[in-house]
Amino acid sequence: EVADKGIGIAQEMLDEVRKIFAQDRTTVETAHAGVGLGLPIAIKLLEAHGAKLDIDSELGRGTTVTVLFPAGYAM
């Protein structure tokens, strides 16, 4: 689990930011940051290992990203 106290992601954008080249452009701070590949690549790599990436976020309060591996997964 990784958490920050940054600007957060709007609830209506949580599904969108999982898509390739998608970005949360709901705030001035995120209007030009990145190309929208980080989360989709991370999600695909995790799915290849049977894992899941969960995002919990609130605008103005931050974001928590949790990675869940299947039971018995050896790293």
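This is a predicted model: local features need pLDDT of at least 70, side-chain atom pairs count only at pLDDT 80 or more; totals for chains, interfaces and linings use all residues.
Me: Why is T66 called buried?
Reply: The relative accessibility of T66 is 18%, and because buried means under 20%, T66 falls in that class; the residue itself lies in strand β3, which covers residues 62–68.

Me: What makes the pairing of the T66 and E1 side chains a polar contact?
Reply: The distance between the two side chains is 3.3 Å, and a polar contact asks for a pair of N or O atoms within 3.5 Å, so the pair qualifies. E1 is also listed among the residues that T66 touches, together with K52, L53 and D54, when residues up to four places away in sequence are not counted.

Me: Why is the link between E47 and K44 called a salt bridge?
Reply: The closest N and O atoms of E47 and K44 are 3.9 Å apart, and since the limit is 4 Å between a Lys or Arg side-chain nitrogen and an Asp or Glu carboxyl oxygen, the pair is therefore counted. Both residues lie in helix α1 (residues 38–48), three residues apart, about one turn of the helix.

Me: How many salt bridges does the structure hold?
Reply: The structure holds two, one of them joining the side chains of E16 and K19 at 3.3 Å, N to O.

Notes
Residues are numbered from 1 along each chain as its sequence is written. Side-chain values use heavy atoms; hydrogens and water are left out. Helices (H or I, at least four residues) and strands (E, at least two) are DSSP runs, numbered from the N terminus. Buried means under 20% relative accessible area, exposed over 50%, partly exposed in between (1.4 Å probe, protein chains only). A polar contact is a pair of N or O atoms within 3.5 Å; within protein, one must be able to donate a hydrogen and the other to accept it, and residues adjacent in sequence count only if both atoms are side-chain atoms. Contact means heavy atoms within 4.5 Å.
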